[in-house]
Every structure is written in C-alpha cells, then in structure tokens.
Amino acid sequence: MSLPELEEFLSWFQSNGGKIDLDAIGFKYFAPTEGGRGAVALKNIEKDHTLFTIPRPLTLSTKTSLLPEKFGPRAWKEHKLDKGWSGLILCMMWEDGQAFDSKWRCYLATLPTAFDTPMFWSEKDLKELEGTSVVEKLGKEDAERDYHDKVFRAIQSRPDLFPPESLSNHYSFDRYHVMGSRILSRSFGVERVGIDGDDDGEEMNPEADKSIGSAMDVDEHDETTGVEDTSIQDDSPSEVGDEGEEDAIDISMVPIADLLNARFGSENAKLFYEEKELKMVTTKRILAGEQIWNTYDDLPNSELLRRYGHVDILPLPGSGKGNPADVVEIRADLVLATFSQQSESTSSTERIDWWLEEGGDDTFVLGTDYEVPEAMVSLTRLLYLSSDEWEKAQEKSKPPKPKLDSQALNLILVVLQKRIAQYPSTMKDDEEILKQEPGMPLNKYQAIFMRLGEKRILENTLQRLVTAGKARGGGTHKRKSAPAFDGSNQSTKKAKR
Ligand SMILES: C[S@@+](CC[C@H](N)C(=O)[O-])C[C@H]1O[C@@H](n2cnc3c(N)ncnc32)[C@H](O)[C@@H]1O
C-alpha cells in the first residue's frame with residue numbers, strides 16, 4: 001500500500017541504493033489526530049525488523065549537498081554558514097532551485113510547504129498562547145536576522161550560483177521559513193562514523209547532539225543491535241551550539257525516515273545508524289494495520305506545537321486528557337519579583353546575579369509529578385538568608401539546600417498563584433470553551449490543550465503545597481534528597497533570560 005504522491009519518490013529511493021521492505025511497510029493517511037500521512041504495518045512485523053535502509057549519501061545535509069563545495073569552504077565559513085541551520089537551509093533552497101539537476105528533487109517534492117506551527121499563526125491565534133512560553137521561543141526575529149545578515153548576503157555574493165531572476169522564487173524570506181520549518185519538524189542529528197561524511201576524521205561525541213538543533217536526536221549506543229539510534233528532538237536554529245558540537249553531528253534530512261509520525265509512549269520503530277547507512281528498525285512487535293511510530297522524544301505539548309505543529313491529547317492517569325510529558329516553566333525573575341514585593345531586603349538582585357554566575361537556573365520546569373523543582377526551592381531560600389548566611393554561601397560557593405521550609409513554601413505558593421495569573425483564562429474557562437465550541441479552528445483547539453496542560457500542573461502543584469503546608473502547620477518539610485548544586489537536577493533547565 002502506498003500513496004500515489006510517493007510513487008516516484010519510492011522508486012528514486014530504491015534506484016539510489018535505498019532499501020525498503022514494501023511487504024511490511026506502506027504509507028497512508030491516518031486521521032489528523034494520528035499524524036495525517038504516516039507509515040502503516042502491512043503485516044505483523046516482529047521486533048528488530050529492518051523496515052528500510054538509507055545510504056548516508058542519500059541524506060541531505062551540508063556534507064552531502066554540493067553547494068558548500070561550489071561556494072568555497074572558506075567563503076562558507078566567512079558567511080558563517082557553518083553555524084546553526086542557515087547553511088543547511090541555504091543548501092535546501094539551492095537544491096530546490098536546481099529542479100531536475102538536484103539529486104533530491106523527488107525527495108524535496110514530498111516535503112510540506114505549509115505548517116501548523118505557531119511561527120505561521122496570525123496575531124489573533126498567537127493570543128491564545130498568552131501566558132505560555134511558546135511565543136517568546138518562536139525565534140522569528142532571530143530567523144529574520146539570520147536570513148538578512150548571513151543567507152541573503154551569501155546569495156548576493158554569488159550570482160553565478162543564485163541567479164538574480166530566481167531570487168523571488170527560491171531564495172525569498174518565505175522560502176527560508178519553509179525550509180527552516182522543514183528542518184525543525186523533520187531533520188535528524190546524525191553522528192558521523194568513520195569516513196562517511198567525516199572530512200576531518202573527528203571522533204563523535206554522543207553528548208554533543210543534546211545541545212545542537214535538529215528534529216531528531218542521536219541516543220545511546222544500543223548493545224543489543226550493535227548500532228545506534230536517532231530519535232526526534234530539536235531546538236531552534238538560534239540555539240545551535242558551538243563549532244565543536246557541530247563537528248560531531250550533521251543535521252540531516254533523512255528521506256523516508258521523516259514520513260513516520262510520533263505520539264507519546266507509542267514508539268515502535270527507531271532510526272539507527274551504522275557506518276555507511278541508517279536503518280529504521282522496529283523496537284516492538286507491530287500488528288498488521290497499526291501505525292509505525294517513531295519517537296520525537298516524548299516532548300511536552302508546548303514543544304510539540306512549536307516544532308511540529310501538533311499536540312498529543314491522550315487520556316491522563318486519573319481523569320482528563322492531555323500529554324503526560326507536559327511541563328510548565330517559571331522564570332527565576334518571577335520568584336525574585338514576588339520576593340521583592342514581600343520583603344525589605346535590598347540584596348536580592350545581587351543574590352540572583354550570584355546565583356546565575358554560579359550556574360543556577362534562570363527558569364524552573366515543573367512537570368506532571370507536581371513537585372517544586374529543588375533548584376527553585378534553593379533559590380527561594382537564598383533570598384531569605386540572613387547577611388551572615390549569605391556571606392557564608394558566597395565563601396563556600398554553595399547555595400542553600402532545597403529544604404522546603406515555611407518561608408520558602410509560602411513564597412512559592414504566591415509565585416505559583418502569580419504564574420497562574422499570567423494566563424488570561426482559567427482552567428475552568430478553557431474546559432468550558434472546549435465544551436461550548438466543538439469544531440473550533442485547529443490552532444485554537446491545540447492552543448487550549450497546550451495551555452490547559454500547563455495550568456493543570458500549576459494548579460496541582462499549588463494544591464499539593466497547600467496540603468503540605470496544612471499538614472505540617474508551618475513546620476519544615478524535608479525533601480527526600482538534597483541534590484548537589486551542579487545543575488544535575490532533572491526538573492530544571494537553563495533557558496535564555
Ligand atoms: C516527521 S513528520 C511525519 C510525517 C508527516 N505526517 C508527513 O506527512 O510527512 C512530522 C510531522 O507530522 C505530523 N505529526 C507527527 N505526529 C503527529 C501526531 N501524533 N499528531 C498530529 N500530527 C503529527 C506533524 O505535522 C509533524 O510536523
């Protein structure tokens with residue numbers, strides 16, 4: 001079973017060394033909530049079955065496109081096209097502009113030209129995301145700056161490669177956005193192995209990809225298969241790491257592999273890499289007719305929406321529907337502002353600056369365990385230290401242990417209330433809208449589910465704290481473990497201020 005739109009693409013794939021088990025895997029349209037176009041099992045497939053194999057040269061990256069070579073490696077670097085995604089975006093625009101001369105013509109024809117991601121939403125729709133951190137993470141301004149400062153200058157410098165008459169068709173800012181969104185929602189971070197694509201022979205660093213932007217990530221070495229896997233993850237182009245990191249990973253477009261959808265907890269196939277090829281291998285038995293799901297790393301709805309333009313809506317343990325991987329962010333400056341309103345202390349800004357210099361988090365991430373992140377407790381306690389204690393903390397380069405004492409508890413209660421108030425609507429309002437307006441536009445529907453997930457975490461965490469406060473009558477609550485102040489707390493993360 002296949003789709004007419006994919007026929008030419010599949011024969012291109014096979015005639016270029018790609019292998020696909022068309023007895024086992026087909027392509028069809030699922031319901032939009034199941035991902036739309038995706039892969040289906042045509043028969044019962046056992047675990048560890050290779051569904052398809054992609055030779056590395058068929059992947060599209062700055063290492064496989066001919067453009068960087070033609071542009072000149074030195075000029076490529078001078079235009080900073082070796083940093084972030086702008087180089088790959090330019091390669092994709094150029095390959096697209098080559099039409100029949102591009103090796104990837106049949107592949108590029110399968111890629112979407114329209115996206116449901118908030119990057120393309122109207123101002124009215126974006127208002128639905130007020131209170132969430134999605135809007136500030138869209139990176140519209142960064143993308144615009146990259147396009148004008150790097151890409152367009154590079155384009156203008158080589159009219160032989162980028163004919164002026166093709167600029168409006170193939171090299172416009174809109175085209176740049178389309179290619180960027182294709183990378184955001186479909187690329188893989190592929191580690192280099194041995195000689196293939198590795199022009200500097202550097203060893204790969206499995207950790208490096210964690211901070212580099214791609215839609216899919218390279219995971220741990222898998223002893224059982226002897227190969228390594230890649231799975232969907234990514235970040236915005238502006239957050240791409242430094243040069244060393246980029247040397248280890250090629251952000252690559254991987255034909256066929258990017259036709260697989262993903263849903264929380266549903267993964268049954270994964271992309272693994274070997275020296276000369278990438279392989280999509282089943283990680284579970286899949287029954288005939290079932291969808292073949294890759295993983296996008298079980299992301300929260302905020303990230304799914306920002307990167308892929310969809311949200312996961314599943315039954316939640318207990319009641320309600322949403323994404324079990326949801327999170328909500330609280331900025332450290334909200335903790336500071338709340339403290340400043342309640343206290344006479346004049347040294348809190350100094351303390352926050354010290355906290356950040358010491359590597360403390362500037363954003364706290366709460367999840368569906370409804371726990372207050374330990375780093376948030378520690379920061380709160382730092383603000384309450386006496387002058388002597390504050391001196392000692394600096395001397396020892398050690399912020400306070402994350403013991404949720406009554407001062408910290410009371411402040412965090414107010415912080416949570418303030419964070420909840422940042423949304424223009426309440427949980428009840430949202431639930432009511434969902435009941436009252438069936439068939440509402442997709443953007444609004446997805447935005448409501450996304451923000452509901454965040455509010456649910458805040459409300460439940462607040463409730464837990466209230467209960468803890470009552471139970472202890474203002475006493476000290478000892479947490480299970482006091483983490484080292486080394487940024488290893490999994491429930492916190494760094495974000496731009
Ligand atoms: C890697 S592509 C997967 C193939 C894609 N459906 C296609 O037609 O080419 C990722 C895109 O698929 C869609 N998608 C994947 N999983 C989904 C899901 N669980 N629900 C809704 N859409 C999904 C989103 O549009 C996402 O940006």
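This is a predicted model: local features need pLDDT of at least 70, side-chain atom pairs count only at pLDDT 80 or more; totals for chains, interfaces and linings use all residues.
How many nonpolar, polar and charged residues does the shell around the ligand have? By class, that shell has four nonpolar, eight polar and four charged residues. Of the 16 residues around the ligand, the ones that come nearest are G35, R37, N261, Y308 and H310. Three elements, β3 (37-41), α9 (173-186) and β9 (261-262), each supply at least two residues of the shell.

The protein contains 18 helices and 17 strands. It has 497 residues, of which 41% count as buried. Among the contacts with a separation of 6 or more, 76% are between residues 24 or more positions apart.

Helix α9, one of the contributors to the ligand shell, also holds S181. S181 counts as buried because 24 C-beta neighbours lie inside 10 Å, and 20 or more are needed for that class. Leaving aside residues up to four places away in sequence, S181 touches F115, T117 and M119. P112 is 69 residues from S181 in sequence, and the two C-alpha atoms are 9.2 Å apart in space.

L66 is 88 residues from A154 along the chain, and the C-alpha to C-alpha distance between them is 16 Å.

The axes of α12 (residues 332-342) and α14 (residues 374-384) come within 11 Å and cross at roughly 30°. This crossing is right-handed. Where the two helices meet, α12 contributes A332, V335 and F339, and α14 contributes M376, L379, T380 and L383. The residues of this contact divide into six nonpolar, one polar and no charged.

How many of the 11 residues of α14 are buried? The count is 10, so the helix is mostly covered. The buried residues of α14 are E374, A375, M376, V377, S378, L379, T380, R381, L382 and L383. M376, L379, T380 and L383 in that list are also the α14 residues that meet α12.

Helix α13 (residues 348-357) has a buried side and an exposed side. R351, I352 and W355 are buried. Seen down the axis of α13, these buried residues fall within an arc of 100°, so they line one face of the helix. On the other side of α13, T349, E350, D353 and E357 are exposed. The buried residues of α13 pack against α12, α14 and α15 (387-396). After α13 comes G359, with a positive phi near 95°.

Helix α15 is one of the partners of α13, yet α15 itself is hardly covered: among its 10 residues, the count of buried ones is zero. Just after α15, S397 takes a positive phi of about 55°.

Positive phi values also turn up in two loops. A99 is not a glycine, but its phi is positive, about 45°. A99 lies in the loop between α4 (86-97) and α5 (105-108). Is A99 buried or exposed? It is exposed, because 10 other C-beta atoms lie within 10 Å of A99, and the exposed class takes in residues with 12 or fewer.

The other case is D297, in the loop between β12 (291-294) and α11 (301-308). Phi of D297 is near 80°, a positive value in a residue other than glycine. With 18 C-beta neighbours inside 10 Å, D297 counts as partly exposed, because that class falls between the limits for exposed and buried residues.

Technical notes
Residues are numbered from 1 along each chain as its sequence is written. A residue is near a molecule or strand if its C-beta atom, placed from the backbone, lies within 6 Å of it. Helices (H or I, at least four residues) and strands (E, at least two) are DSSP runs, numbered from the N terminus. Ala, Val, Leu, Ile, Met, Phe, Trp, Tyr, Cys and Pro count as nonpolar, Asp, Glu, Lys and Arg as charged, and the others, Gly among them, as polar. Axes are lines fitted to C-alpha atoms, for helices over the stretch in contact, and angles run from 0 to 180 degrees between N-to-C directions. A crossing is left-handed if the near helix is turned anticlockwise from the far one by less than a right angle, and right-handed if clockwise. Two residues are in contact if their C-beta atoms, placed from the backbone, lie within 7 Å. The arc is that of the directions from the helix axis to the C-beta atoms.
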